[in-house]
Amino acid sequence: MVKVAIFICPTTHVICNIVVYRIIWHRLQSITFEMENFYKLIKPHEETILQKYINKCVIFYGGSIIGIYLISIIIISGPVTLNQPFPIMAEYPFDVFHQPMRTIAYIHQSICILQASAHICINTYTTLLLWFSSARLELLTDNLHAIRNIYDLTKCVQEHQKLLKYAEQVIRAIRPFAFIVMCFSTLGLIIVGLIFVTDQPLSMKIQCAGIAFNGLSEVFMYTWPAEHLIHVNNKIEKAIYSVEWYEHSVELQRSIQIILMRAQKPLLITIPCVMPPLSLNYYTKYLSTIFSYFTALRIFMQTSQEVDEPEI
């Protein structure tokens with residue numbers, strides 16, 4: 001049952017992602033168009049900032065994608081080392097243990113596993129939108145430091161309002177995907193813990209170790225840019241305050257005051273009463289909770305074995 005549940009989690013994860021994409025695809029499309037239009041009109045110094053973000057993220061996100069596909073390949077090659085005919089323990093209403101049906105079923109399962117891996121990798125696209133929002137806000141911070149006259153300040157005020165609306169749209173689009181990742185990663189890690197605390201083949205434990213690593217990396221995919229978005233928003237507040245606002249008109253001072261008040265409200269990826277704000281602090285608590293689950297499972301299994309042992 002546990003082995004089957006390991007494959008039910010990513011399968012259900014993919015189905016939930018497909019449903020959410022179908023519901024909010026108009027919003028995702030408009031956000032993506034905004035990103036593409038910005039890149040078409042990008043300036044050299046803006047491209048430098050974006051390249052800095054790419055260099056920061058390419059190793060982790062590229063390695064995560066490679067890891068997801070690597071685990072898929074290990075699962076597909078599972079029948080070579082495990083005592084099972086197919087990568088997934090599935091029951092068919094017809095005989096699949098003779099050729100050519102056995103080969104067809106094996107190829108079909110392999111294709112489904114690769115498709116599920118490709119769809120899970122789409123998480124890198126949703127987190128890309130978060131990193132893009134952070135990059136735009138950092139560009140605005142540089143523009144605030146370079147203000148020389150009232151025209152530049154007015155332009156920054158308008159740009160700040162525009163970027164806040166864009167960031168809020170991105171957060172609304174990202175929240176359901178982040179919640180799905182938190183739910184199924186937690187459930188998958190608990191199931192993997194049952195494999196580790198029981199007597200299972202080494203090849204099965206290697207597969208589960210890869211699944212656990214991918215589950216933790218999926219959570220980190222969202223908590224890292226969420227933390228950075230909070231940090232960049234705080235930098236805008238400091239940049240606005242460093243502007244020589246006292247030398248401008250009262251009307252513009254009021255606009256700056258509004259920006260300061262708005263910048264004090266952090267951009268959080270959260271669902272009230274359901275999902276706490278994502279951040280690196282949340283990720284550390286998440287890891288602590290998962291390890292606590294593993295410890296509780298190990299103690300429970302050891303206690304069960306001691307109870308089942310006959311007294312001599």
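This is a predicted model: local features need pLDDT of at least 70, side-chain atom pairs count only at pLDDT 80 or more; totals for chains, interfaces and linings use all residues.
Trainee: Why is H228 called buried?

Mentor: The relative accessibility of H228 is 13%, and buried means under 20%, so H228 counts as buried. This residue is found in helix α7, residues 202-241.

Trainee: What makes the pairing of H228 with K56 a polar contact?

Mentor: The side chains of H228 and K56 approach to 3.4 Å. The cut-off for a pair of N or O atoms is 3.5 Å, so the pair is a polar contact.

Trainee: Why is K52 with E138 called a salt bridge?

Mentor: The closest N and O atoms of K52 and E138 are 2.6 Å apart, and the definition asks for a separation within 4 Å; therefore the pair is a salt bridge. K52 lies in helix α2 and E138 in helix α5, so the bridge ties together parts that are 86 residues apart in sequence.

Trainee: Are K52 and E138 buried or partly exposed, and why?

Mentor: E138 has a relative accessible area of 8%, so E138 is buried. K52 has 39%, which falls between the limits of 20% and 50%, so K52 is partly exposed.

Trainee: How do you know that E34 forms a salt bridge with R136?

Mentor: Their closest N and O atoms are 3.8 Å apart, and the limit is 4 Å, so the pair qualifies as a salt bridge.

Trainee: Which residues are linked with E34 in a network of salt bridges?

Mentor: The network links E34 with R136, E159 and K162. K162 and E34 meet at 4.0 Å, N to O. Because K162 lies in helix α6 (residues 150-196) and E34 in helix α1, this pair ties together parts that are 128 residues apart in sequence.

Trainee: Why is R136 called buried, and why is E34 called partly exposed?

Mentor: R136 has a relative accessible area of 6%, so R136 is buried. E34, at 24%, lies between 20% and 50%, so E34 counts as partly exposed.

Trainee: What makes the length of helix α2 close to the expected value?

Mentor: Helix α2 (residues 44-76) has 33 residues and reaches 45 Å from its first C-alpha to its last, against 48 Å expected at 1.5 Å a residue.

Methods. Residues are numbered from 1 along each chain as its sequence is written. Side-chain values use heavy atoms; hydrogens and water are left out. Helices (H or I, at least four residues) and strands (E, at least two) are DSSP runs, numbered from the N terminus. The expected span of a helix is 1.5 Å times one less than its number of residues. Buried means under 20% relative accessible area, exposed over 50%, partly exposed in between (1.4 Å probe, protein chains only). A polar contact is a pair of N or O atoms within 3.5 Å; within protein, one must be able to donate a hydrogen and the other to accept it, and residues adjacent in sequence count only if both atoms are side-chain atoms. A salt bridge is a side-chain nitrogen of Lys or Arg within 4 Å of a carboxyl oxygen of Asp or Glu.
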